[in-house]
Amino acid sequence: MTDPSDDIILKACGITKVYPGTLALNRVDFNVYRGKVNVLVGENGAGKSTLTKILAGVEVPTRGHLELEGKQVRIESFHDATRHGIGMIHQELNLFGNMNVAENIFIARELTKGRVHIDHRTQTAKAQELLDRLEAEIDAREQVADLRIGQQQMVEIAKALALNTRILIMDEPTSALSAAEVDVLFRVIQDLKRQGVTIIYISHRLEELIQIGDHITVLRDGNLMQEAPMIEIDVSWIISQMVGTDKNREMTHTTSATCEEILRVKNLSLARTGGGYTLDQLNFCLCKGEILGIYGLMGAGRSELFECLMGLETEIEGKVFLDGKEVTRGRVDDHIREGLSLIPEDRQREGLVQVLDVSDNMTLSSLWKFIKWIHIKSTPLKQAVDQMVRNLSIKVPSPRVIISSLSGGNQQKVVIGKALLTEPKVLLMDEPTRGIDVGAKGDVFGIMNDLAAKGLGIIFVTSELKEIMMVSDRIMVMSNGKITGEFTKETATEEGIVAASAVGHNHTHASA
Ligand SMILES: Nc1ncnc2c1ncn2[C@@H]1O[C@H](COP(=O)(O)OP(=O)(O)OP(=O)(O)O)[C@@H](O)[C@H]1O
Ligand SMILES: [Mg+2]
């Protein structure tokens with residue numbers, strides 16, 4: 001082979017990044033290979049987002065420098081990065097809910113006609129073209145706030161493609177996407193590669209990394225561990241580099257399900273604005289100690305089901321019984337007190353208050369438990385928070401640091417802790433393992449098992465087939481707002497689940 005350094009388009013040299021109280025990166029060298037998919041992997045808090053933010057000019061390193069095409073460059077702002085053809089899709093979505101999709105896609109460089117006017121028509125058409133290329137069924141004129149999170153992720157991807165970047169950084173682009181959407185994204189990535197675009201790709205889905213990546217770099221606790229061509233390594237190599245040992249233990253789930261009913265849903269429907277039903281006559285029950293997994297494609301109604309159960313949607317038909325009593329309609333607080341708790345899908349928007357610290361965020365929904373007369377019992381509260389931080393291995397210098405300084409995955413864990421502190425009878429988890437690393441995934445599954453053993457009923461939604469098959473006692477499949485399949489642990493097969501999730505799928509728009 002010729003000198004491999006020719007193939008390096010971008011190089012991070014000896015990058016150190018210090019945040020108050022945290023050494024996020026410690027003299028890290030990172031080689032980005034031209035026209036390849038360069039995968040970056042590591043546990044929650046390892047420094048992946050920080051490193052890529054430095055490449056994209058969002059953060060400035062404390063020490064170290066960058067070389068582009070062998071020459072030292074300064075990339076200290078979004079504009080520097082754009083000028084050098086470097087674009088980034090952030091882990092936390094950066095969209096404006098009150099603007100439409102096309103406006104968001106072209107926010108950085110609105111298309112102008114003549115001098116001043118934004119040419120809305122061209123902009124909309126271009127945006128639609130990009131969305132269609134992503135096979136995303138999204139109208140460019142729609143308000144972003146009306147889109148589900150998976151769709152918003154597609155808009156983020158379209159936004160990055162619109163900038164004609166030659167080095168595209170994707171920080172967990174698939175975390176909110178279902179298997180079919182991931183396939184489309186991977187086709188787009190192959191396409192971009194053919195056009196000579198270099199990709200930097202971060203994900204916690206290890207099989208996915210092996211499938212899409214050409215080259216892998218592993219970070220551990222802010223240090224560079226190893227880099228290797230993807231063909232030379234496998235999943236257990238990645239895990240041992242990430243965490244030191246091969247923690248990829250097979251998860252075994254022993255059922256704790258009883259036949260004592262805790263939740264019953266009767267003829268639950270939710271009308272869709274503009275006709276049709278988002279949820280269509282759902283009937284099911286859940287037992288104490290049972291883990292019920294719900295699988296479905298984007299738009300199947302999974303998240304809406306949770307929203308109805310929590311009282312976030314009020315215009316529902318049908319009835320919900322918790323522990324034999326009909327659940328009061330209306331306020332979410334009441335639902336929490338009655339014993340329902342939700343870990344929402346969109347944690348940035350619904351789960352966390354960015355200006356509060358870890359402890360305050362975690363106790364937000366359970367504060368009433370710690371109040372006696374008008375005093376907050378601070379010792380039990382502190383103990384509860386400390387224990388949760390330990391149980392979920394949340395990487396944080398102290399529970400008193402502001403939530404926004406945590407890595408993405410660690411923020412997710414705080415939201416999980418928050419729901420658990422309410423001590424619910426039924427726990428609803430919407431994509432609970434989204435964005436968290438393999439080790440922590442095991443912890444979350446372990447916690448789900450423990451909670452079930454204590455008699456909690458758990459309903460969880462995931463778009464990962466392997467996960468749902470591993471953790472659930474029973475699996476319900478949804479499509480177009482209906483239940484289209486139900487499997488026990490014994491009858492569940494990947495093919496069966498996928499087939500049920502596609503029932504009626506081609507007729508979505510015709511029938512709606
Ligand atoms: N703005 C900030 N202020 C203080 N500390 C920060 C800040 N941003 C990140 N950190 C810390 O730097 C470390 C690395 O964080 P980073 O977000 O890069 O992790 P990551 O590898 O992307 O993790 P994840 O998989 O959870 O997204 C973490 O300990 C995090 O708490
Ligand atoms: Mg991150």
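Student: How do you know that domain 2 and domain 3 touch, and how many residues of each are in contact?

Tutor: In this predicted model, 11 residues of domain 2 are in contact with 11 residues of domain 3. A pair counts as a contact if the two C-beta atoms, placed from the backbone, lie within 7 Å, and the residues named in that count meet this criterion.

Student: Which element gives the most to the side of domain 2 that touches domain 3?

Tutor: Helix 15, residues 438–453, gives the most, with four residues. That side of domain 2 divides into seven nonpolar, one polar and three charged residues. The centres of domain 2 and domain 3, taken over C-alpha atoms, are separated by 26 Å.

Student: What makes a set of residues a nonpolar core, and which residues have the most contacts inside the largest one?

Tutor: The members must be buried residues of the nonpolar types Ala, Val, Leu, Ile, Met, Phe, Trp, Tyr and Cys, joined through C-beta atoms within 7 Å. The largest such core has 67 residues, and Met388, Val426, Leu428, Ile458 and Ile475 have the most contacts inside it. Helix 14, residues 408–421, supplies the largest share, six residues. At least three residues come from each of domain 2 and domain 3.

Student: Which residues does Val426 touch, leaving aside those up to four places away in sequence?

Tutor: Val426 touches Ile262, Leu263, Leu286, Leu322, Gly339, Leu340, Leu456 and Gly457. Apart from the core that includes Val426 lies another core, of 66 residues, with Leu55, Leu130, Val155 and Met170 among them.

Student: Why is the protein chain called as compact as a globular protein of its length?

Tutor: The chain holds 18 helices and 24 strands. Its radius of gyration is 23 Å, close to the 24 Å that the globule rule gives for 512 residues, so the chain is as compact as a globular protein of that length. Along the principal axes, the C-alpha atoms fill a box of roughly 70 × 55 × 50 Å.

Student: What share of the residues is buried?

Tutor: Buried residues make up 46% of the 512 residues; each has 20 or more other C-beta atoms within 10 Å of its own.

How values were computed. Residues numbered from 1 in each chain as written. Chains lettered and ligands numbered in written order. Predicted model: local features only at pLDDT ≥ 70, side-chain atom pairs only at ≥ 80, totals over all residues. Helix = DSSP H or I, 4+ residues; strand = E, 2+ residues; numbered from the N terminus. Rg over C-alpha atoms; globule rule 2.2 N^0.38 Å. Buried ≥ 20, exposed ≤ 12 C-beta atoms within 10 Å, placed from the backbone. Domains from an automatic or database assignment. Nonpolar A, V, L, I, M, F, W, Y, C, P; charged D, E, K, R; others polar.
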